[in-house]
Amino acid sequence: MADPETEDEALTWAGDDQEIARPVRQAPVATTRESGAPTLVALGVLGGIAVLESIGWLRGVLSATLEATLQQGAGPLGAVAFGVNLLGRVAAVAAPILWFVLAARRIRTPSRRFAWLVLGAVLLLPWPALMGLL
Amino acid sequence: MTVAAEAPPRRPGLRLAIALAFLLAFLWELLGAVSNLLAWAGFAAVLHRQLSAFAWLVLGAGVLVPIAGYLLAVLLARGRTPGILALMLVVAYAASQALTLSLLAFFQVGIGVR
């Protein structure tokens, strides 16, 4: 059986007068973020798609939906409703870029990150603008 | 050597305030979707007709989108900082708005308005 004092010495760094640190949580390891060329190219392509989708949403939102929410003489409640609807349209225009930034920056596992990025690119296609072009 | 990362400070009050503030925005969107569904159902009833399965599907999906978006964001941000919760709710709200507009476009094309 091993000597307990020898075991304690083996688990202690020189100059470290404290007992063994008990970590609460491991810090994220840098190698989980891929930074190779294929990853950067894929991120660039998906980022470009997000920008194009936002442009499509801007076109779709400006075309027909805004004026329908603004009514003459609707009063304060009507103004609030218009403001909230306007905020919603602005949010829809920003949605693809916001989704891309959140997924690209916050998700560390590469496969999960790309799954979320592709999901966002598919879900947030600007159908109102695409249907207007058909 | 092991690096011990400090756990983020827990602020249940701030998290609750953020969740409730965004809940209002999602509820407003839900109200619009429900009123849209009821209005079209009433319009069809006035004409002594039934809404088609496609119309029910699209209008029903419009009701589900804000509910699913809010719940998904809150679930994914569980145990994270208030800032991350707010960020996820912003993205969920934006995506929910975009999906709602897409569904509206599908509906308009489906019933021949556009």
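This is a predicted model: local features need pLDDT of at least 70, side-chain atom pairs count only at pLDDT 80 or more; totals for chains, interfaces and linings use all residues.
Trainee: What makes A:Pro128 count as buried?

Mentor: A residue is called buried if 20 or more other C-beta atoms lie within 10 Å of its own, and A:Pro128, which is found in helix H5 of chain A, has 25 C-beta neighbours inside 10 Å, so it counts as buried.

Trainee: Leaving aside its neighbours within four places in sequence, which residues is A:Pro128 in contact with?

Mentor: With those neighbours set aside, A:Pro128 is in contact with A:Gly60 and also with B:Leu101, B:Ser102 and B:Ala105 of chain B.

Trainee: Why is H1(B) called roughly antiparallel to H2(B)?

Mentor: The axes of these two helices, H1(B) and H2(B), cross at roughly 175 degrees and come within 9 Å; since angles over 145 count as roughly antiparallel, that crossing makes H1(B) roughly antiparallel to H2(B). The residues of their contact divide into 15 nonpolar, three polar and one charged, and among those that meet are B:Leu23, B:Phe26 and B:Trp40 in H1(B) and B:Leu59, B:Ile67 and B:Tyr70 in H2(B).

Trainee: Which residues touch the most other members of the largest nonpolar core?

Mentor: In that core of 42 residues, they are A:Ala92, A:Ala95, A:Trp99, B:Ala94, B:Ala95 and B:Ala98. The largest share of the core, 15 residues, comes from H3(B). As for B:Ala98, once its neighbours within four places in sequence are left aside, B:Ala98 is in contact with A:Trp57, A:Ala92, A:Ala95 and A:Leu124.

Note on methods
Residues are numbered from 1 along each chain as its sequence is written. Chains are lettered from A and ligands numbered from 1 in the order in which they are written. A nonpolar core is a set of buried Ala, Val, Leu, Ile, Met, Phe, Trp, Tyr and Cys residues joined through C-beta atoms within 7 Å. A residue is buried if 20 or more other C-beta atoms lie within 10 Å of its own, exposed if 12 or fewer, and partly exposed in between; C-beta atoms are placed from the backbone. Helices (H or I, at least four residues) and strands (E, at least two) are DSSP runs, numbered from the N terminus. Two residues are in contact if their C-beta atoms, placed from the backbone, lie within 7 Å. Axes are lines fitted to C-alpha atoms, for helices over the stretch in contact, and angles run from 0 to 180 degrees between N-to-C directions. Angles under 35 degrees count as roughly parallel, over 145 as roughly antiparallel, 65 to 115 as roughly perpendicular and the rest as oblique. Ala, Val, Leu, Ile, Met, Phe, Trp, Tyr, Cys and Pro count as nonpolar, Asp, Glu, Lys and Arg as charged, and the others, Gly among them, as polar.
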